[in-house]
Amino acid sequence: MVKRRAPGFTLIELLVVMAIVATLLTIALPRYFHSVDTSRETVLIENLRVTRDAIDKFYGDNGRYPDSLDELVSRRYLRTLPVDPVADSAQAWIILPPPGEIKGKVYDIKSSATGKARDGRALGEL
């Protein structure tokens, strides 16, 4: 009479599968985290572009710069305050005043995030 083995996996089979999964993860995870950082930087650049465009349109319509980013939202130049995805906040923007005697308080915005972008520039200089 032949003895049948109990159904299931042996320890060796489980170890081989876990080694294969670990190898695949060591290849995939760095690429994943790099793509997340790249996505945040891309969203930051787009949020800066849209907000700067709204500031310019506000100036063109009113002859002055807005007093705050909230004024852009209340006057419907923006739907909501833009979020800085790197600093992870809508309140973390650095607001630059207009040069000279021009009316208003918001001439430009920059990110308060530290670090460098893919092209080597500081994130605050985008």
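Okay, hi everyone. Before anything else, keep in mind that what you see is a predicted model.

Let's start with the whole chain. It has 2 helices and 2 strands, and if you read along the sequence, the order goes α-α-β-β. Now, the radius of gyration is 26 Å, while the globule rule gives 14 Å for 126 residues, so this chain is more spread out than a compact globule.

The accessible surface is about 9300 Å², and carbon and sulfur atoms own 60% of that. On the charge side, we have 18 positive and 16 negative side chains, with the centres of the two sets 9 Å apart.

And contacts: if you take those with a separation of 6 or more, 46% of them join residues 24 or more positions apart.

Where does Asp 108 sit? You'll find Asp 108 in strand S2, which covers residues 108-110. Is Asp 108 buried or exposed? Its relative accessible area is 17%, and the cut-off for buried is under 20%, so Asp 108 counts as buried.

Who are its contacts? Leaving out residues up to four places away in sequence, Asp 108 touches Arg 52, Ile 55, Ile 94, Ile 95 and Leu 96. With Arg 52 there's also a polar contact, side chain to side chain, at 2.7 Å.

That's it from me, thanks!

Methods: Residues are numbered from 1 along each chain as its sequence is written. This is a predicted model: local features need pLDDT of at least 70, side-chain atom pairs count only at pLDDT 80 or more; totals for chains, interfaces and linings use all residues. Side-chain values use heavy atoms; hydrogens and water are left out. Helices (H or I, at least four residues) and strands (E, at least two) are DSSP runs, numbered from the N terminus. Buried means under 20% relative accessible area, exposed over 50%, partly exposed in between (1.4 Å probe, protein chains only). A polar contact is a pair of N or O atoms within 3.5 Å; within protein, one must be able to donate a hydrogen and the other to accept it, and residues adjacent in sequence count only if both atoms are side-chain atoms. Contact means heavy atoms within 4.5 Å. The radius of gyration is taken over C-alpha atoms; the globule rule is 2.2 Å times the number of residues to the power 0.38. Accessible areas come from the Shrake-Rupley method with a 1.4 Å probe; for residues, only the protein chains shown count as cover. Lys and Arg count as positive and Asp and Glu as negative; His and the chain ends are not counted. The place of a charge is taken as NZ of Lys, CZ of Arg, CG of Asp or CD of Glu.
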